[in-house]
Amino acid sequence: EIKILYKNKNYDGAISQTYVLIDMLKSLHEESKIKIELSQLYQDLAIFYSQKNKLEEAKGFIEQAIKLNPTSENLEIQTLINSK
(Lines give C-alpha, C1' and ligand atoms only; values in the text may rest on other atoms or scores of the structure.)
Protein backbone atom coordinates (compact mmCIF):
# COMPACT_ATOMS: atom_id res chain seq x y z
CA GLU A 1 0.00 0.00 0.00
CA ILE A 2 2.82 2.41 0.88
CA LYS A 3 4.58 1.72 -2.42
CA ILE A 4 1.36 2.47 -4.33
CA LEU A 5 0.88 5.73 -2.43
CA TYR A 6 4.47 6.73 -3.21
CA LYS A 7 4.14 5.72 -6.85
CA ASN A 8 1.04 7.90 -7.11
CA LYS A 9 2.98 10.77 -5.48
CA ASN A 10 0.69 10.70 -2.46
CA TYR A 11 3.60 11.43 -0.12
CA ASP A 12 1.40 12.49 2.80
CA GLY A 13 -0.47 9.17 2.63
CA ALA A 14 2.79 7.23 2.38
CA ILE A 15 4.21 9.10 5.36
CA SER A 16 1.09 8.47 7.41
CA GLN A 17 1.02 4.75 6.63
CA THR A 18 4.74 4.42 7.37
CA TYR A 19 4.24 5.94 10.82
CA VAL A 20 1.41 3.45 11.45
CA LEU A 21 3.68 0.58 10.42
CA ILE A 22 6.51 1.79 12.67
CA ASP A 23 4.17 2.07 15.66
CA MET A 24 2.78 -1.40 14.96
CA LEU A 25 6.25 -2.97 14.71
CA LYS A 26 7.42 -1.26 17.89
CA SER A 27 4.37 -2.52 19.77
CA LEU A 28 5.09 -6.11 18.73
CA HIS A 29 8.87 -6.29 19.14
CA GLU A 30 11.77 -4.74 20.99
CA GLU A 31 13.51 -2.13 18.85
CA SER A 32 16.82 -4.00 19.08
CA LYS A 33 15.23 -7.02 17.36
CA ILE A 34 13.81 -5.07 14.42
CA LYS A 35 16.69 -2.72 13.61
CA ILE A 36 16.83 -3.59 9.91
CA GLU A 37 13.07 -3.23 9.42
CA LEU A 38 12.95 0.09 11.30
CA SER A 39 15.98 1.35 9.41
CA GLN A 40 14.20 0.65 6.11
CA LEU A 41 11.08 2.47 7.28
CA TYR A 42 13.10 5.49 8.44
CA GLN A 43 14.89 5.44 5.09
CA ASP A 44 11.50 5.46 3.38
CA LEU A 45 10.38 8.42 5.49
CA ALA A 46 13.56 10.27 4.56
CA ILE A 47 12.80 9.74 0.88
CA PHE A 48 9.14 10.76 1.26
CA TYR A 49 10.03 13.95 3.11
CA SER A 50 12.77 14.70 0.59
CA GLN A 51 10.19 14.47 -2.21
CA LYS A 52 8.13 17.08 -0.37
CA ASN A 53 11.25 19.29 -0.02
CA LYS A 54 11.11 18.96 3.76
CA LEU A 55 14.84 18.45 4.01
CA GLU A 56 15.28 18.87 7.76
CA GLU A 57 12.80 16.07 8.40
CA ALA A 58 14.44 13.97 5.68
CA LYS A 59 17.87 14.47 7.25
CA GLY A 60 16.59 13.46 10.67
CA PHE A 61 15.03 10.24 9.40
CA ILE A 62 18.04 9.17 7.33
CA GLU A 63 20.21 9.75 10.40
CA GLN A 64 17.91 7.45 12.39
CA ALA A 65 18.14 4.85 9.62
CA ILE A 66 21.93 5.03 9.65
CA LYS A 67 22.10 4.67 13.45
CA LEU A 68 20.09 1.46 13.23
CA ASN A 69 21.70 0.01 10.11
CA PRO A 70 24.55 1.95 8.47
CA THR A 71 24.29 0.49 4.96
CA SER A 72 25.92 1.95 1.88
CA GLU A 73 22.43 2.68 0.54
CA ASN A 74 21.53 4.72 3.63
CA LEU A 75 24.80 6.64 3.39
CA GLU A 76 24.20 7.31 -0.31
CA ILE A 77 20.70 8.62 0.41
CA GLN A 78 22.13 10.85 3.14
CA THR A 79 24.63 12.28 0.66
CA LEU A 80 21.85 12.97 -1.85
CA ILE A 81 19.64 14.66 0.74
CA ASN A 82 22.51 16.76 2.04
CA SER A 83 23.33 17.92 -1.49
CA LYS A 84 19.84 19.41 -2.02
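**Exercise 1.** Find which residue meets Lys 59 in a salt bridge in this predicted model, and state where the two residues lie.

*Solution.* Step 1: the side chain of Lys 59 meets that of Glu 56 in a salt bridge, with an N to O distance of 3.9 Å. Step 2: a salt bridge requires the nitrogen to be within 4 Å of the carboxyl oxygen, so the pair at 3.9 Å qualifies. Step 3: both residues belong to helix α4 and stand three residues apart, which is about one turn of the helix. Step 4: Glu 56 has a relative accessible area of 59% and is exposed, while Lys 59, with 24%, is partly exposed.

**Exercise 2.** State how many salt bridges the structure holds, and describe the one that involves Lys 52.

*Solution.* Step 1: there are two salt bridges in the structure. Step 2: Lys 52 pairs with Asp 12 through their side chains, at 2.2 Å from N to O. Step 3: this pair links distant parts of the chain, since Lys 52 sits in the loop between α3 and α4 and Asp 12 in helix α2, 40 residues apart. Step 4: Lys 52 has a relative accessibility of 26% and therefore counts as partly exposed. Step 5: as background, side chains of opposite charge can pair when their charged atoms come close.

**Exercise 3.** Describe helix α4: its span, its buried residues and the helices they pack against.

*Solution.* Step 1: α4 contains 14 residues, and the distance from its first C-alpha to its last is 20 Å, close to the 20 Å expected at 1.5 Å a residue. Step 2: its buried residues are Ala 58, Phe 61, Ile 62, Ala 65, Ile 66 and Leu 68. Step 3: these residues cover an arc of only 165° around the axis, so they are on the same side of α4. Step 4: the face turned away from the buried side carries the exposed residues Glu 56 and Lys 67. Step 5: the buried residues of α4 pack against α2, α3 and α5.

**Exercise 4.** Carry out the analysis of buried and exposed residues for helix α5.

*Solution.* Step 1: Asn 74, Ile 77 and Ile 81 are the buried residues of α5. Step 2: seen down the helix axis, they fall within an arc of 60°, so they line one face of α5. Step 3: Ser 72, Glu 76, Thr 79 and Leu 80 are exposed on the face turned away from the buried side. Step 4: the buried residues of α5 pack against α3 and α4.

**Exercise 5.** Decide whether Ser 50 is buried or exposed, and list its contacts.

*Solution.* Step 1: Ser 50 is part of helix α3. Step 2: its relative accessibility is 7%; the cut-off for buried is under 20%, so Ser 50 counts as buried. Step 3: leaving out residues up to four places away in sequence, Ser 50 touches Leu 55, Ala 58, Ile 81 and Lys 84. Step 4: with Lys 84 there is also a polar contact between the two side chains, at 3.0 Å.

**Exercise 6.** Describe the largest nonpolar core and the contacts of Leu 45.

*Solution.* Step 1: the largest nonpolar core has 22 residues, and Tyr 42, Leu 45 and Ile 62 have the most contacts inside it. Step 2: α1, α2, α3, α4 and α5 each supply at least two residues of this core. Step 3: α3 gives the most, with seven residues. Step 4: apart from neighbours within four places in sequence, Leu 45 is in contact with Ile 15, Thr 18, Tyr 19, Ile 22 and Phe 61.

Definitions and conventions: Residues are numbered from 1 along each chain as its sequence is written. This is a predicted model: local features need pLDDT of at least 70, side-chain atom pairs count only at pLDDT 80 or more; totals for chains, interfaces and linings use all residues. Side-chain values use heavy atoms; hydrogens and water are left out. A nonpolar core is a set of buried Ala, Val, Leu, Ile, Met, Phe, Trp, Tyr and Cys residues joined through side-chain atoms within 4.5 Å. Buried means under 20% relative accessible area, exposed over 50%, partly exposed in between (1.4 Å probe, protein chains only). Helices (H or I, at least four residues) and strands (E, at least two) are DSSP runs, numbered from the N terminus. Contact means heavy atoms within 4.5 Å. The arc is that of the directions from the helix axis to the C-beta atoms. A polar contact is a pair of N or O atoms within 3.5 Å; within protein, one must be able to donate a hydrogen and the other to accept it, and residues adjacent in sequence count only if both atoms are side-chain atoms. The expected span of a helix is 1.5 Å times one less than its number of residues.
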